[in-house]
Amino acid sequence: MKTIHDFISLKPFSREELEAIMDLAETFEDIARGKKQSNLLAGKVLATLFYEPSTRTRLSFETAMLRLGGQVLSTVDAFRTSSAWKGESIADTVRTVQNYADAIVIRHPERGAAEVAAKYADVPVFNGGDDANEHPTQGILDLLTIRRERGTIDGLTIAMIGDNKHCRSNYSVADALAHYNARLILVNPPELSMRPEAVELVRSKGHLTVEETSDLPAALKQADVMYIVRVQKERYADPAEYERAKGLYKVDRAMLEAAGRPITVLHPMPRVDELAEDVDDYPGACYFRESFNGVLIRMALLSLVLGKAQLP
Ligand code: NCD
C-alpha cells in the first residue's frame, strides 16, 4: 500500500486503497461525534486556504483536526483577505504557509491550483476543490456514504442528476465509482454533459457502466442511489446560460415516490432549488449524514498524511 503525501485527485487510488481509507474513517466515529477524546494529532497544525466559499469542506476539515487534538489556521475569502489581494502567487503563498502548518487544504477557482500548491509545498496538500475539475475528499466521502447507506456499491445503479458538466464533486464521485461493478446514469440536458475525456477515463477501468439520458423520471425508475447537485452558477460566463440551465432538473418527494423503489438520496450540498425540502423526511434522504461522513473521511486522511495512521 502506498503512503499518502498529497491528496489532489482520486485517480491514483485503487479500489483496495479507497476501501482501506473508508475502513479507517469508520474507526473515528465516536471521536467525530465527541463521545471519545483523542490526541492523535496533538502538536499538528492544519492551514486552510479557501479562495472560494465553503461550509462543509472547510468546517469538516477543521473539526476533524480539532477533534483529533490538532489545531487549525484558517484563511477564508483568501482573494480579499490574504496576500493574494496584493498579487501573491499560490506558489509563494504555500511556501510561506508551510512554515506555519503541517498540512494545507486549498480550495481555488482555477483548475490545477491544488496541484501547483502541492508542487511548491513540502507539507501535504489537500485539494478542497479546484474549479469544475475535482473534489477528491468529497468523492470519497460520497463513496463512503453509499457504502454505509446501502452496505455495498457493486450492483447499484446511481443516477447523477443536474449540472454534470460543472460540478467538480461529480467528477470525483465518478472516479471513485469507476472501480465498482455498478451502473452510472448521467441525467442532464445535452449542454450539461460531463467532459467526455473524464467519462472515457472512468469507462476505461472496465468496471462501471456509464450511460447518459435527459429523461429524469425514467432514470429514477432504475436508480438505487440518486446524486443530485445544484447548477453551478459561478462557473457560467454567460448569465443567460445559467438562467436556462437552472430549474431544468428538480426532484421532489412525489417524483421519488413515483419511481416506486427505495432510493438513497445524496447531495453534496449546498442545495438551492433542485431538491425540494419535502424530500428531507423521505426515508432514503441521507445528505445530512453525508456531511457527517465528511468528518470521518477527513480524520482518516489527516491521520494518514500526518503519519499517524497507515494503510494496511
Ligand atoms: C460542492 C463544491 O464546492 O464543489 N460543495 C461541497 O464541497 N460540499 C458542491 C457545490 O458547491 O455545489
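Predicted model: local features only at pLDDT ≥ 70, side-chain atom pairs only at ≥ 80, totals over all residues.
Reader: Hello! Which residues surround the ligand?

Author: The ligand has around it Thr-57, Arg-107, His-135, Gln-138, Arg-168, Arg-230, Gln-232, Pro-268, Met-269 and Pro-270. Residues are numbered from 1 along each chain as its sequence is written, and side-chain values use heavy atoms, with hydrogens and water left out.

Reader: What are the distances from the ligand to polar atoms of Thr-57, Gln-232 and Met-269?

Author: The general idea is the polar contact: a pair of N or O atoms within 3.5 Å, where within protein one must be able to donate a hydrogen and the other to accept it, and residues adjacent in sequence count only if both atoms are side-chain atoms. Here, an oxygen atom of the ligand is 2.9 Å from a polar side-chain atom of Thr-57. The side chain of Gln-232 places an N or O atom 2.8 Å from a ligand oxygen. Met-269 uses its backbone instead, with a polar atom 3.0 Å from a nitrogen of the ligand.

Reader: How much of the ligand does the protein bury?

Author: The size of an interface is often given as the accessible area lost when the parts come together. In this model the ligand alone exposes 320 Å², and the protein buries 95% of that. Such areas come from the Shrake-Rupley method with a 1.4 Å probe; for residues, only the protein chains shown count as cover.

Reader: Where does Met-269 lie, and is Met-269 buried or exposed?

Author: Met-269 is in the loop between β9 and α13. Helices (H or I, at least four residues) and strands (E, at least two) are DSSP runs, numbered from the N terminus. Buried means under 20% relative accessible area, exposed over 50%, and partly exposed in between (1.4 Å probe, protein chains only). Met-269 has 14% relative accessibility, so it counts as buried. Its backbone deserves a look too: phi is positive, about 70°, although Met-269 is not a glycine. A cis peptide bond, with omega of about 5°, joins Met-269 to Pro-270.

Reader: What does the side chain of Glu-234 contact?

Author: Glu-234 makes a 2.8 Å polar contact, side chain to side chain, with Arg-230, and Arg-230 is one of the residues around the ligand. Glu-234 sits in the loop between β8 (225-228) and α11 (239-245). Its relative accessibility is 44%, so Glu-234 counts as partly exposed.

Reader: What domains does the domain assignment give?

Author: Domain bounds come from an automatic or database domain assignment. For this chain they are domain 1 (15-134 + 293-305) and domain 2 (136-290). Their centres, taken over C-alpha atoms, are 25 Å apart. Contact means heavy atoms within 4.5 Å, and 30 residues of domain 1 are in contact with 27 residues of domain 2.

Reader: How many residues has the largest nonpolar core?

Author: A nonpolar core is a set of buried Ala, Val, Leu, Ile, Met, Phe, Trp, Tyr and Cys residues joined through side-chain atoms within 4.5 Å. The largest one has 67 residues, and Ile-21, Leu-177, Leu-184 and Ile-297 have the most contacts inside it. Helix α13 (residues 287-305) is the biggest contributor to this core, giving 10 residues. Both domain 1 and domain 2 give residues to this core, so it lies between them. A second, separate core has 22 residues, including Met-226 and Ile-263.

Reader: What does the side chain of Tyr-282 reach at 3.0 Å?

Author: It reaches the backbone nitrogen of Ile-263. Tyr-282 is in the loop between β9 and α13 and counts as buried because its relative accessibility is 8%.

Reader: Where does Asn-127 lie, and is Asn-127 buried or exposed?

Author: Asn-127 is part of strand β4 (residues 125-130). With 1% relative accessibility, Asn-127 counts as buried. A polar atom of its side chain lies 3.1 Å from the backbone oxygen of Ile-8, and one lies 2.8 Å from the backbone nitrogen of Gly-129. Leaving aside neighbours within four places in sequence, the contacts of Asn-127 include Phe-7, Ile-106 and His-135.

Methods:
Near = heavy atom within 4 Å.
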